[in-house]
Amino acid sequence: MTQGTEVVQKLLGEVRDLKVERERLLLELTDIRQRNAGPDPNLRKLEQEIKRLRVELEIARGDRDTLREGILEALDRFGRG
């Protein structure tokens, strides 16, 4: 083998190695993306917190409406009195 042929063979070997490494990294990337594609583990906890806060908001609005009615009734009584 001539020196030029040896260099070409060495470069071809390096190219093959790089292609194999590239494929390995692509497979690893695909695996990582699939593992991270699922729902966030905190999602269920956050959904429960949102539900709890909605119920709390509904109760607070009911209390607000009750207080408003009482205030309007008191103002009406004092205004007529």
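**Entry 1: a pair in helix 2**

I began with Arg-52 and Glu-49, which both lie in helix 2 (residues 43-80), three residues apart, or about one turn of the helix. For helices I took DSSP runs of H or I with at least four residues, and for strands runs of E with at least two, numbered from the N terminus. I noted at the outset that this is a predicted model, in which local features need pLDDT of at least 70, side-chain atom pairs count only at pLDDT 80 or more, and totals for chains, interfaces and linings use all residues. Residues are numbered from 1 along each chain as its sequence is written, and side-chain values use heavy atoms, with hydrogens and water left out.

The side chains of Arg-52 and Glu-49 meet in a salt bridge, with 2.7 Å from N to O. I counted a salt bridge where a side-chain nitrogen of Lys or Arg lies within 4 Å of a carboxyl oxygen of Asp or Glu. Arg-52 also forms a salt bridge with Glu-56, where the closest N and O atoms are 2.8 Å apart. Arg-52 and Glu-56 are separated by about one helical turn, because they stand four residues apart in helix 2.

I then looked up how open these side chains are, taking buried as under 20% relative accessible area, exposed as over 50% and partly exposed as in between, with a 1.4 Å probe and protein chains only. Arg-52 is partly exposed at 42% relative accessibility, Glu-49 is partly exposed at 35%, and Glu-56 is partly exposed at 44%.

**Entry 2: salt bridges elsewhere**

How many salt bridges does a search of the whole structure find? I found nine salt bridges in that search. One of the pairs I looked up is Glu-21 with Arg-24, whose closest N and O atoms are 2.6 Å apart. Glu-21 and Arg-24 are three residues apart in helix 1 (residues 3-36), so about one helical turn separates them. Glu-21 counts as partly exposed at 33% relative accessibility, and Arg-24 is also partly exposed, at 41%.

**Entry 3: the chain as a whole**

I counted two helices and zero strands in the chain. The radius of gyration of the chain is 36 Å, well over the 12 Å that the globule rule gives for 81 residues, so the chain is more spread out than a compact globule. That radius is taken over C-alpha atoms, and the globule rule is 2.2 Å times the number of residues to the power 0.38. Along its principal axes the C-alpha trace spans about 115 × 20 × 10 Å.

Of the 81 residues of the chain, 1% count as buried. The accessible surface of the chain comes to about 8100 Å², and 58% of this belongs to carbon and sulfur atoms; I took the areas from the Shrake-Rupley method with a 1.4 Å probe, and for residues only the protein chains shown count as cover.

**Entry 4: leucines of helix 2**

Where is Leu-43 found? I placed Leu-43 in helix 2, and Leu-43 is partly exposed, with a relative accessible area of 38%. Leu-43 and Leu-75 are 32 residues apart in sequence, and from C-alpha to C-alpha they are 47 Å apart in space.

Is Leu-67 buried or exposed? Leu-67, which is found in helix 2, is exposed, with a relative accessible area of 58%.
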